[in-house]
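Here is a short walk through a protein chain, written for someone who likes to see how the pieces pack. Take a look at the sequence and the structure first, and then we can go through the contacts together.

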Amino acid sequence: MPRAHAPHEAISPVHVLALVRGLVEETAEPGADRYRYFKSLFGTDLHEAAAIRCGLLEHTNGDLQATPAGLDLYERHLRHLPDMAADYWHDQPHVADAVTELNHIYDQAATETPTT
């Protein structure tokens, strides 16, 4: 994900992953906080939009939910991460692969989606 050009300069791939993980776990554990791993000062809007653009989250029945692709990413990379804020995941196994995959999906979606 580009970090030098607006409006995407505030998007952190790790925080996009945090939203996906939080939503998957909230679905499995009612009462869990979907934002428990998301501790970004930049807010959720751009990160949610990035996850939707990547096909990892979608709006369903007025709420945000993980897609099959989001669930797959969770199973392969995110479920193993410690229960701490995403800011501390950088050195964890699976994060580098998940970020690389997310960046690839985002770049691919950006070239396939016309912008106005």
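The largest nonpolar core of this predicted model has 29 residues, and the members that touch the most others are Leu17, Val20, Leu57, Leu78 and Trp89. Two or more core residues come from each of helix 1 (13–28), helix 2 (45–53), strand 2 (63–66), helix 3 (68–78) and helix 4 (95–112). Helix 1 is the top contributor, with eight residues. As general background, nonpolar side chains in soluble globular proteins tend to be buried together.

Leaving aside residues up to four places away in sequence, Leu78 touches Leu17, Val20, Arg21, Leu73 and Ala98.

**The overall layout**

The protein chain holds four helices and two strands, in the order α-α-β-β-α-α from the N terminus. Of its 116 residues, 41% count as buried. Among contacts with a separation of 6 or more, 57% are between residues 24 or more positions apart.

**How the helices pack**

Two packed helices are described by the angle between their axes and the distance between the axes. Here are two pairs to compare with what you see on screen:

| Helix pair | Angle between axes | Distance between axes |
|---|---|---|
| Helix 1 and helix 3 | about 105 degrees | 10 Å |
| Helix 3 and helix 4 | roughly 150 degrees | within 9 Å |

With an angle of about 105 degrees, helix 1 is roughly perpendicular to helix 3. On the helix 1 side, the contact is made by Leu17, Val20, Arg21, Val24 and Glu25, and helix 3 brings Gly70, Leu71, Leu73, Tyr74 and Leu78. Sorted by class, this contact has seven nonpolar, one polar and two charged residues.

Which way does helix 3 run relative to helix 4? The two cross at roughly 150 degrees, and angles over 145 degrees count as roughly antiparallel, so helix 3 and helix 4 are roughly antiparallel to each other. In this pair, Leu73, Arg76, His77 and Leu78 of helix 3 meet Asp97, Ala98 and Glu101 of helix 4. The classes here are three nonpolar, one polar and three charged residues.

**The buried side of helix 2**

Helix 2 has His47, Glu48, Ala50 and Ala51 as buried residues. They lie on the same side of helix 2, because they cover an arc of only 160 degrees around the axis. The cover over these buried residues includes helix 1, strand 1 (57–60), strand 2 and helix 4. After helix 2 comes Gly55, which has a positive phi, near 80 degrees.

Val16 sits in helix 1. Is Val16 buried or exposed? Its relative accessible area is 0%, so Val16 is buried.

Glu25 is another member of helix 1. The relative accessibility of Glu25 is 6%, so this residue counts as buried too. What does Glu25 touch, not counting residues up to four places away in sequence? The list is Ala32, Arg36, Tyr37 and Tyr74.

Conventions
Residues are numbered from 1 along each chain as its sequence is written. This is a predicted model: local features need pLDDT of at least 70, side-chain atom pairs count only at pLDDT 80 or more; totals for chains, interfaces and linings use all residues. Side-chain values use heavy atoms; hydrogens and water are left out. A nonpolar core is a set of buried Ala, Val, Leu, Ile, Met, Phe, Trp, Tyr and Cys residues joined through side-chain atoms within 4.5 Å. Buried means under 20% relative accessible area, exposed over 50%, partly exposed in between (1.4 Å probe, protein chains only). Contact means heavy atoms within 4.5 Å. Axes are lines fitted to C-alpha atoms, for helices over the stretch in contact, and angles run from 0 to 180 degrees between N-to-C directions. Angles under 35 degrees count as roughly parallel, over 145 as roughly antiparallel, 65 to 115 as roughly perpendicular and the rest as oblique. Ala, Val, Leu, Ile, Met, Phe, Trp, Tyr, Cys and Pro count as nonpolar, Asp, Glu, Lys and Arg as charged, and the others, Gly among them, as polar. The arc is that of the directions from the helix axis to the C-beta atoms.
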